[in-house]
Amino acid sequence: MKFRYVFAALLATATLAPSAFAQQAAPQAAPAPAVNPASQIPASDRAAIQNYNLTDDVFNRLVAVSQDAKKQGIKPKDAETDFSKIHSLDDLAKTVTDSDPRIGPLIQKHGFTPRDFMLANLAVTNAAIASEAKNNPQMAQYVDQSKVNQKNVAFYESHKGQINALMAQDDAAK
C-alpha cells in the first residue's frame, strides 16, 4: 500500500519512497517483495527516524519548502524508486536530491541537510500513518505502536487541519 498523506501535500520535492521507509508502513496487498526496503537500512537510521521529534520550526520550514517548490515548478516525481540501491537514510535522501538539481539548494535554503529533510518527512509520514491507524483496524494490524513516536502523532494531530488545507491546495493545483 502506498501512502500519499503529508508527503505529497507538504513536499512537492519528494517521491513516495519515504513511506516505504516508515517503520510502520503496511505491506503490499500483493505478494510481498523478497526484501522489505525498511529492513535494509541500519538500525541507527531506524532509531533516528523513530526518535526524531517534530517541532513548529521544522513544520514551518517543511511548509516553506513546499511553497517554494511550487513557485519553482518542482513537482513530485512519479518514477519508481529502485530500493536495491537504497541501504541507508542518506541513500534515500540522495535519491530525492538527485531527482531534481533544484531540490538540494531549496532544502538548504530552509535550514535542512538532505538527511534532516528526510528525517522530518519520515517523522510526519509515520505520525500520519499511526494517527490514521487509530481508527482503521485494517491499517492498525500493520502498525507496531511500540515503535511509534507518540509525541509526533500528537503533533500531527494538532496540525491536521493545516495539513489537510495544504493537501487540498496541492490537489487543486493539479
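Q: Is R115 buried, partly exposed or exposed?
A: In this predicted model, the relative accessibility of R115 is 25%. Buried residues fall under 20% and exposed ones over 50%. Because 25% lies between these limits, R115 counts as partly exposed.

Q: How many residues apart in sequence are the parts that R115 and D45 tie together?
A: The side chains of R115 and D45 form a salt bridge, with an N to O distance of 3.0 Å. R115 belongs to helix α8 and D45 to helix α4 (residues 43–51), so the pair links parts of the chain whose separation in sequence is 70 residues.

Q: Which helices hold D68 and K109?
A: D68 and K109 form a salt bridge in which the closest N and O atoms are 2.9 Å apart. The pair ties together parts that are 41 residues apart in sequence, because D68 lies in helix α5 and K109 in helix α7.

Q: What is the relative accessible area of K109?
A: D68, the partner of K109 in a salt bridge, is buried, with a relative accessible area of 12%. K109, by contrast, is exposed, because exposed means over 50% and its relative accessible area is 57%.

Q: Which element gives the most residues to the largest nonpolar core?
A: The largest nonpolar core has 41 residues, and those with the most contacts inside it include Y52, L54 and F117. Elements that give two or more residues to this core are α5 (56–72), α6 (89–98), α7 (103–109), α8, α10 (150–158) and α11 (160–173). With 12 residues, the element that gives the most to this core is α8.

Q: Is α5 roughly parallel or roughly perpendicular to α8?
A: The axes of α5 and α8 are 11 Å apart, and the two helices pack at an angle of about 105°. Angles of 65 to 115 degrees count as roughly perpendicular. The angle of about 105° falls in that range, which means that α5 relative to α8 is roughly perpendicular.

Q: How many charged residues are in the contact of α5 with α8?
A: V58, L62 and V65 of α5 meet F117, A120, N121 and V124 of α8. By class, six residues of this contact are nonpolar and one is polar.

Q: Which residues does S131 touch, not counting residues up to four places away in sequence?
A: S131 is placed in helix α8 (residues 114–133). S131 is buried, with a relative accessible area of 5%. Leaving out residues up to four places away in sequence, S131 touches V153, Y156 and E157.

Q: How far apart in space are I129 and A140, C-alpha to C-alpha?
A: I129 is also in helix α8 and is buried, with a relative accessible area of 0%. I129 and A140 are 11 residues apart in sequence, and their C-alpha to C-alpha distance is 9.0 Å.

Technical notes:
Residues numbered from 1 in each chain as written. Predicted model: local features only at pLDDT ≥ 70, side-chain atom pairs only at ≥ 80, totals over all residues. Heavy atoms only, no water. Helix = DSSP H or I, 4+ residues; strand = E, 2+ residues; numbered from the N terminus. Buried < 20%, exposed > 50% of the residue type's maximum accessible area, 1.4 Å probe, protein only. Contact = heavy atoms within 4.5 Å. Core = buried A, V, L, I, M, F, W, Y, C linked by side-chain atoms within 4.5 Å. Axes fitted to C-alpha atoms, helices over the stretch in contact; angles between N-to-C directions. Parallel < 35°, antiparallel > 145°, perpendicular 65-115°, else oblique. Nonpolar A, V, L, I, M, F, W, Y, C, P; charged D, E, K, R; others polar. Salt bridge = Lys/Arg side-chain N within 4 Å of Asp/Glu carboxyl O.
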